[in-house]
Amino acid sequence: MTERERLEALLNRQQVDRVAFFPIHGSFAAAMVGYSKVDVYENPEMAFWARLRTQEMFGQVERVSYSGGAFGAREFGSEVKMPTSEYSMTISLLKAAVQSEEDVWKLKVPDVKTAGVLPMMMRFSKLQAEYGLPISFNSGGILTIAGYIAGVERMCRWMIRRPELVHKLCRIVTDFLVAIAEYWVETFGPERMIPGTLAPTEANQIISPKQFEEFCLPYQKEVHEKLFGLGVKHIFTHVCGEQNLNLPLWAQIPMGDPGIVSFGNEVDLETASKYFPNDIIMGNVEPAVIQTGTPEQVYELSRICLQKGKKHPSGFFLGPGCDIPPKSPPYNVWTMRKAIEDFGWYD
Amino acid sequence: MLALPEPERIFINRIERGRILMASEERTQELIKGLYDAVVAMDEEQAAELSQVALREGVDAYYAVMNGLAAGMDKVGQLYAEQEYFVPELLLCSDALYAGLGILKPHIKAEEAHIKGQIVIGVAEGDVHDIGKNMVKIMFEAAGWTVHDLGKDVKLERFAEEQQRTKADVVAISALMTSSMLAIPQAIKMIRERDPKVAILAGGAPLTRDIATSYGADGYARNAGDVVQEAVKVLSRLKGN
Amino acid sequence: MPASRQEKMTKKERIDALLKGQPIDHVPFYPFVLGFCARNVGYPLSVIYSDSARSWEAQLWTHEEYGFDWGPIYGYASYGTWEFGGEVKMPQGAYEQAPTHITFPVQTEEGVYRLELPDVKKAGCLPLAMEFSRLQEKQGTPITLIFGGNFTIAGNICPVEKLCRWMIRKPELAHHILQLATDHIVDAVKYWADTYGGEQVIAQIWEPLASNDIISPKQFETFVLPYMQESGNKILGMGVKHIFYHICGEQNLNLPYWTQMPMGDLGICSIGSQIEIATAIKHLGTKAIIAGNIEPNILQTGPPQQVYRLCKEIIEAGKKAPRGFMLMSGCETPPETPPYNVYMMRKAIEDFGWYD
């Protein structure tokens, strides 16, 4: 089977010959083709080719995506910092648009045709369409995006002191994401869509499951349901970081038919499998090991992931636990592919 | 939990001040517990009010800080490590701590204040995620350390420069991003070139104790709740050597 | 990297057949890829030259990943400095690629006559090279001893500017150094031949300093040809079957002399981008396997489409070589080459390099 056939088969709940290798790489892809990290965030064409070529080199699933980096920040007027340092990886928040309670009440859903990186995201999606690839756009995480609008610390304080402010933020983000989805579906039709919900701020390293339940769950569920109402069939959700306590809550959010749910190395794949029996699961080789571990360590982690993930009834992709760091030795990434050759075939 | 001084010492302190103090031993402990509870309950107003009351009623300011506020923050660290409290709670507890500290600190006599140590802290170059570092800063300040906070996205050479300037006992470097963790061994090398003896802690989500050790760090803590203890352990080990 | 067509031969079968002049399934890739391998596996660049085990590992893993043929090699262009008593520095900075000179063994005329032949068991990098060859033997990859050509070694013993001046002003000094370089080459290859058997060893000679950017063809005729012929003949006399000449840089005017070098049965001649493949075939194609010649600068900074097109042109020209052809970069693939560009070289072989 080709990589494209494997992806199509899993999305149609059909059997595949072996586990496929799913890409999560932005600035690593830049390094593979000799682009700067800033290039793959600020230039959609370079972002597209960097990712597609890297995916080709490593025999990965044919899916490229462009999340814009710190999505939500520029769209709502926050200031960002480009990844120009040797040690930076992605765009980061410099100054939040919301600095006070009054700022929250003044927030409006921006124009999805012109705000922030959305025009670049649309150019990227046009390339996806031109090359017959799944089309992506951002569908969350609600709190991650809210954090880029108001600053994570401020938002955390308000969760306890002024929950109505956080609810307002989440409402605005929800309406914003739905507006994006409507624009994308209107432009391309829903058939080839795989939007992405990327949720690092939702991790239990920051918020409690109770806070997830109050501030993320209802809104993220609403976004996903509305996307399905528009005809989108599959959502890629990245459950980033330590989220074991959130899993019963994530499980209440519909992911697709099937969805693709990816996990950080903190969540055991067998646990993930129990919570998402009807979705494809993905993961979850630790990025720090990919970056600084030996190939033997990467191979062994990949083997363990494959051993656990292959048992999942709705299908499994091998992938990193999060974005592959740009200084990862390429051989370590290739070692994951090698592990698939050795352990990833379905008999 | 910090050790309480002997009741006699409190009594002697009161006499030494040469004025008749109002708070009895029982009342003092009530106020101290109130401060402790205010921090744990994220009650800024209560922490501020009780700090004022404590002063009015002659409770030793340093005693109130260490056994009330700081002890409360110690408990908060424990609750965070146990995943009972999360970042929102930690932030609000620290607000309560600082509300009380702001009132009590000016009344701490210099000879009383026992500075536990000095620490330079910052987030490695290329990384702007500072929640973890801020949590650690709070824990050290609560425990009576002087903290020199370099902030986030700190150029590597700044850690060595600041340590030299302040003669800090400990330097703590954090990284949340896997890419910026690579800056840590470079920063440690620069620090060691100028002072081979200073204690260095490294931490952050992508690190483990093994990685921190391989980078040349003397210590590592998985979360803010454990870090002060780790610093004390490292210093004591290094002094013993 | 995932191959689009099933290989019909193993790497060893392919190289063995190539060296015997027998048919092969596709154009092999000769990996003149050193520092890049260190970057590829996350090792410091210096280990390629200072640590034979890690150099081996870095190259072997990278070859496995990209599907390169031939096998790991050990060598560098400033060979001779360390071996004759000077100092070299291992590459460390972001812009360094290979060992470089710190001090030369000879700085004065008097110094020339004080030079002694090194002990090939101990001198310079030779112990590391010997350890490396043990790994080559164990893995069944070609046992290759790499050293500068006679002239390049001479230009590493004393600074090449000095050598150039002496060639005109005091030719006896230049000849003295060149004779020592020649004798040293013979000694080193003999050591390898005694250890592994002459027929197992491939002597690989890199001659960048003899390029026409530095010396004239007439100077090549006087100061390179006779010495290289002497060492080449003696090497073949030890039972060595193949001599591999890396004809580096602009050497079009030297080609008539290169055709006179002892090659073995077969020789291998690799060329830089400055020499057309067709020209190399015309001069050397009846005696040697031709290898080359992707421009390293394009590998490092060109877009992948350009690399791919260039490889296609080179493969199509190279496949006409009557004694065989290997795709190779014109000189070392720069360590900072984008990995995708390296992949393009291999992809071009997949798409255009099959012999049907």
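This is a predicted model: local features need pLDDT of at least 70, side-chain atom pairs count only at pLDDT 80 or more; totals for chains, interfaces and linings use all residues.
Local features were considered at pLDDT of at least 70 and side-chain atom pairs only at pLDDT 80 or more, whereas totals for chains, interfaces and linings use all residues. Residues are numbered from 1 along each chain as its sequence is written, and chains are lettered from A and ligands numbered from 1 in the order in which they are written.

Chain B comprises 10 helices and four strands, where helices (H or I, at least four residues) and strands (E, at least two) are DSSP runs numbered from the N terminus. Chain B has 241 residues, of which 54% count as buried; a residue is buried if 20 or more other C-beta atoms, placed from the backbone, lie within 10 Å of its own, exposed if 12 or fewer do, and partly exposed in between. Among the contacts of chain B with a separation of 6 or more, 74% are between residues 24 or more positions apart. Two residues are in contact if their C-beta atoms, placed from the backbone, lie within 7 Å.

Chain B is assigned domain 1 (18–107) and domain 2 (118–240), with bounds that come from an automatic or database domain assignment. The centres of domain 1 and domain 2 of chain B, taken over C-alpha atoms, are separated by 27 Å. Their contact involves 12 residues from domain 1 of chain B and 11 residues from domain 2 of chain B. On the domain 1 side, helix H4 (61–81) and helix H5 (87–104) of chain B are the elements that give two or more residues, and H4(B) gives the most, with eight residues. This side of domain 1 of chain B consists of nine nonpolar, three polar and no charged residues. In this classification, Ala, Val, Leu, Ile, Met, Phe, Trp, Tyr, Cys and Pro count as nonpolar, Asp, Glu, Lys and Arg as charged, and the others, Gly among them, as polar.

The assignment for chain A gives domain 1 (1–28 + 45–64 + 265–347) and domain 2 (68–257). The C-alpha centres of these two domains of chain A lie 24 Å apart. To their contact, domain 1 of chain A contributes 19 residues and domain 2 of chain A contributes 22 residues. H4 and helix H14 (269–275) of chain A are the elements that supply two or more residues to the domain 1 side, where the largest share, three residues, comes from H4(A). By class, this side of domain 1 of chain A has 10 nonpolar, three polar and six charged residues.

Two pairs of chains are in contact, and chains A and B share the most contacts. The contact between them takes 24 residues from chain B and 28 residues from chain A. On the side of chain B, H5(B) provides the largest share, five residues. The residues of chain B that touch chain A divide into 16 nonpolar, five polar and three charged.

At the contact between chains A and C, 12 residues of chain A meet 13 residues of chain C. Helix H2 (27–33), helix H4 (44–57) and helix H17 (330–343) of chain A each supply at least two residues to the chain A side. H17(A) gives the most to this side, with four residues. The chain A side has eight nonpolar, three polar and one charged residue. Chain B and chain C, by contrast, are joined by no contact, and their closest C-alpha atoms lie 12 Å apart.

Chain C contains an open sheet of six strands in the order S3-S4-S5-S6-S7-S8, with parallel pairing; two strands pair if DSSP finds at least two bridges between them. Strand S3 (143–148) and strand S8 (325–329) of chain C are at the edges with a single partner strand each, so one side of each is left without a neighbour in the sheet. Strand S7 (residues 288–294) of chain C runs parallel to S8(C), and five bridges join the two. Asn293(C) stands opposite Met328(C) in S8(C).

Ser55(C) lies in helix H4 (residues 52–66) of chain C. Ser55(C) counts as buried because 25 C-beta neighbours lie inside 10 Å. Apart from neighbours within four places in sequence, Ser55(C) is in contact with Val47(C), Ile48(C), Tyr74(C) and Phe132(C).
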